[in-house]
Amino acid sequence: MDARGVKAWGCLKFAALLAAVVLAIGVGFWFLSDTVKRQFTGPDPVTVAQASLQGLREQNRLTTFAARYVAVVTSKQSRLGMTAQKTLIMPGMVRYEVDLSKLQQHNLEWDAAANRLTITLPPVEVMGPQIDLDNIREYSGGGILMRLTDIESRLDEANRKAGQQELVRQAREETPMKLAKDATRRAVERSFVMPLKAAGLDASVRVYFPDERSGASSEVWDVSRRAEDVLANRN
């Protein structure tokens, strides 16, 4: 190779080396700018919220409120010109739960302008009642008819069914449902506010239920156990 060729080859190597240096410097500045950007902008609130969402879903079911109710029901039956009746006093405990496993990404809305996270929870479910078998009380009248026929067992069955329905009816009244929703709302708000604050994000959190959003269903699921199933546990 003559002197001119050696000189051209040397220039080519220098140009390639210079290009590599410029590329390395460019990549370094990109990483530096990205690091500075992250340092000054802080963590992404959506990422923090997604992590909180996953943590809630892993809890599966959330119980934040429970209440005790007492049902008083009376059943009557007539036969052979006589009437028999029984009154049942049935106390029971009802739990209010939310199935957190049903939470999805679309249940979270981030408003960057307002710095606000909005969460729509699944409906509150009424669980139970868990009947207090030790404190059930019964009062009867028309003993002769009950001794001569099977009316007593029919009255007991009717009272147990009506008692359970009455406990669920009380549990689903407006006041206890509002208390259950408010307790659940506070618990979920804390579950998102605390991680956001720990990440240095001063964001507000609002929690709603489907019946509190426009155009949403107001359904409250009732997954109560039958009175026969509950009372069967006595044996």
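Arg61 is partly exposed, with a relative accessible area of 30%. Here buried means under 20% relative accessible area, exposed over 50%, and partly exposed in between (1.4 Å probe, protein chains only). The model is predicted: local features need pLDDT of at least 70, side-chain atom pairs count only at pLDDT 80 or more, and totals for chains, interfaces and linings use all residues. Residues are numbered from 1 along each chain as its sequence is written, and side-chain values use heavy atoms, with hydrogens and water left out.

The side chain of Arg61 meets that of Asp99 in a salt bridge (3.8 Å, N to O). A salt bridge is a side-chain nitrogen of Lys or Arg within 4 Å of a carboxyl oxygen of Asp or Glu. The pair links distant parts of the chain: Arg61 lies in strand β1 and Asp99 in strand β2, 38 residues apart. Helices (H or I, at least four residues) and strands (E, at least two) are DSSP runs, numbered from the N terminus. Asp99 is buried, at 9% relative accessible area. Both residues belong to a network of salt bridges that also links Arg95, Glu97 and Glu125.

The whole structure holds 17 salt bridges. One of them joins Asp111 and Arg116 (3.5 Å, N to O). Asp111 is partly exposed at 30%, and Arg116 is partly exposed at 29%. Another joins Arg185 to Asp182, with the closest N and O atoms 3.3 Å apart. These two are three residues apart in helix α5, so about one helical turn separates them. Arg185 is buried, at 17% relative accessibility.

The largest nonpolar core has 39 residues. Such a core is a set of buried Ala, Val, Leu, Ile, Met, Phe, Trp, Tyr and Cys residues joined through side-chain atoms within 4.5 Å. Tyr96, Ile119, Leu121, Val188 and Phe192 have the most contacts inside it. Elements giving two or more residues include α2 (45-58), β1 (61-79) and β2 (82-99). α5 gives the most, with seven residues. Contact means heavy atoms within 4.5 Å. Beyond four places in sequence, Phe192 touches Ala49, Ser52, Leu53, Leu56, Leu108, Leu117, Ile119 and Val205. A second, separate core of five residues includes Ala84, Leu145, Met146 and Ile151.

In α2, Pro45, Val48, Ala49, Ser52, Leu53 and Leu56 are buried. They cover an arc of only 140° around the axis, which puts them on the same side of α2. The arc is that of the directions from the helix axis to the C-beta atoms. The buried residues of α2 pack against β3 (108-111), β4 and α5. Exposed Ala51 and Glu58 sit on the face turned away from the buried side. Just after α2, Asn60 takes a positive phi of about 70°.
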